[in-house]
Amino acid sequence: MPGGRPASLQRRDTGLVNLTGLDPATYRAHALHGSGRTYGETNCYTDVLIELLHARGVESLAALGCTLGIDFEGDQWTFFKPFPEDLELLFGIDIHEMQPYRPLPEQAAEQLAQGRTLIVELDSWYLPDTTIAATYRSEHVKSSAAVEGIDPAGERLRYFHGTGLYELSGEDYRGVFRIGGDFPEDVLPPYTELVRFDAGPCLQGAELREVAHVLLGRHLSRRPANNPFERFGAQLERDLPRLLAGDASDYHAYAFATVRMAGSAFEVAGTHVEWLLGDAARPASQALGRIAEGCKILSFRLARRRAFEPGETLFTLTTAWDEAMELLDAAIA
Amino acid sequence: VPELVTDEIRQIIQDHGRLPIEVGTLAVNADLYQVGLSSHASVNVMLALEDHFDIEFPDRMLTPSVFESIASIEEAVATLRPEARVS
């Protein structure tokens, strides 16, 4: 386990009630968030789950076969998340919506005290770890976070967000929970999920791989009926004039919803199948890696907002998807 | 790579990389992603490098490894702008 503490309830003299006792200062993120990746981040929800599972001492990759089933959905690629049923089968984790009808810090402390946690949508305006992304104190963007620890009296929150574990306090704490101050009332409560770890056995080793193997077959069988990159390519050609005429924020929003989502999903998929199938999955993983690289190239080229011919890159993406799916079908047959 | 080019690259990373550290003291081989360079910011660094040095990175160079350190960026700029090798 990162940091070496048992994955059980921790209560400290400081008033902090927490899940694992991990310290943000010494926390080591999962390798999916390490250097050497084409995409160092996926999406806010999946990134949080990767780190939450990792912090619990289980292998997050087991739950990421879902990345193989993503589709181009007309104007965006699937916002992928580990399937709740996969998390339950693999780790005995049950995630479902919670009713935030009382002050959230109280609810979080109570659930942590019972060995559970919350995933909650927070306003990244108050999340100091987003300094790098420049949303801290500059932009109101909803972002999922999982509560690792909370000290309501001391106004401290430890939370998994993005690629790591962080802590906020004081004014940020009051802001993120909308305590005191002059907050407008026409804001809905945040979407909040309860995460329980007692819904079944938490598999490890060969048992974990065995179930993940079954799930991989299911995810492969529910992939799009035809090549999603062909449809994405056709839409991209239609979108290009509008994107080239737009501003930088239009580009970033488009890139996040399309190439970043697809590229990060298929890069994770490649790592998933290598973890699960070893060398037998290497050719498929390489094909999936070409998808990630192709998406990255498109990200950069779109960012220039100058006319370009995307045909060659789109051809690479389309053929790599076909190749990867064919190889994986053969690998699990 | 001339010192001037290295300084210009440092300044571009400082202005567009959104790093929580002073780039001026960063080792040329330090991993920029490890010190906080996001995907979002790496795109802005790439655009600023192209503008400043009047170059265009070919597709084969549009990879994270090209933007992972000051040294790797220096190498890429020197490849695309051979005169940058001459001090």
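**Figure 1. The surroundings of His30(A).** Leaving aside neighbours within four places in sequence, His30(A) is in contact (heavy atoms within 4.5 Å) with Ile50(A), Glu51(A), His54(A), Glu59(A), Ser60(A) and Leu61(A) in this predicted model. His30(A) sits in the loop between β2 (17-18) and α1 (44-55) of chain A; helices (H or I, at least four residues) and strands (E, at least two) are DSSP runs, numbered from the N terminus. With a relative accessibility of 6%, His30(A) counts as buried. For accessibility, buried means under 20% relative accessible area, exposed over 50%, and partly exposed in between (1.4 Å probe, protein chains only). Two polar partners are worth a look here. The side chains of His30(A) and Glu59(A) are joined by a polar contact of 2.8 Å, and the His30(A) side chain also reaches the backbone nitrogen of Leu32(A) at 2.9 Å. A polar contact is a pair of N or O atoms within 3.5 Å; within protein, one must be able to donate a hydrogen and the other to accept it, and residues adjacent in sequence count only if both atoms are side-chain atoms.

**Figure 2. Arg156(A) and Tyr173(A), two residues that touch.** Arg156(A) belongs to strand β6 (residues 156-161) of chain A, while Tyr173(A) is found in helix α4 (residues 170-176) of that chain. Arg156(A) is buried, at a relative accessible area of 18%, and Tyr173(A) is buried at 2%. Beyond four places in sequence, the residues that Arg156(A) touches include Thr14(A), Leu16(A), Gly149(A), Glu167(A) and Ser169(A). With Glu167(A), the contact is polar and runs from side chain to side chain (3.3 Å). Counted in that way, Tyr173(A) touches Pro105(A), Pro152(A), Glu155(A), Leu157(A) and Ile179(A), among others. If you zoom out to Pro84(A), 89 residues from Tyr173(A) along the chain, the two C-alpha atoms are separated by 29 Å.

**Figure 3. Salt bridges within chain A, from Arg231(A) to Asp71(A) and from Asp279(A) to Arg282(A).** A salt bridge is a side-chain nitrogen of Lys or Arg within 4 Å of a carboxyl oxygen of Asp or Glu; the whole structure has 21 of them over all chains. In the pair formed by Arg231(A) and Asp71(A), the closest N and O atoms are 2.8 Å apart. Arg231(A) lies in helix α6 (residues 228-245) and Asp71(A) in the loop between α1 and α2 (84-91) of chain A, so this pair ties together parts that are 160 residues apart in sequence. Arg231(A) is partly exposed at 29% relative accessibility, and Asp71(A) is partly exposed too, at 22%. The side chains of Asp279(A) and Arg282(A) meet at 3.1 Å, N to O. Asp279(A) is exposed at 61% relative accessibility, whereas Arg282(A) is partly exposed at 35%.

**Figure 4. Arg304(A) where chain A meets chain B.** The side chains of Glu50(B) and Arg304(A) meet in a salt bridge (2.6 Å, N to O). This pair crosses between chains, from helix α2 (residues 39-53) of chain B to helix α8 of chain A. Both Glu50(B) and Arg304(A) are buried. Arg304(A) also forms a salt bridge with Glu56(B), with the closest N and O atoms 3.8 Å apart. Follow the charges and you find Arg304(A), Arg306(A), Glu50(B) and Glu56(B) linked in a network of salt bridges.

**Figure 5. The contact between chain A and chain B.** The two chains bury about 1800 Å² between them, 58% of it on carbon and sulfur atoms; buried area is the accessible area (1.4 Å probe) that two parts lose on being put together, summed over both. Chain A contributes 18 residues and chain B contributes 21 residues. There are 4 salt bridges between the chains and 6 residue pairs in polar contact (both at pLDDT 80 or more). On the chain A side, α7 (248-277) and α8 (282-304) are the elements that give two or more residues, and α8(A) provides the largest share, 6 residues. The predictor gives the complex an ipTM of 0.85 and a pTM of 0.91. Mean pLDDT (the predictor's confidence in each residue, from 0 to 100) is 92 for chain A and 89 for chain B.

**Notes for all views.** Residues are numbered from 1 along each chain as its sequence is written, and chains are lettered from A and ligands numbered from 1 in the order in which they are written. In this predicted model, local features need pLDDT of at least 70, side-chain atom pairs count only at pLDDT 80 or more, and totals for chains, interfaces and linings use all residues, while side-chain values use heavy atoms, with hydrogens and water left out.
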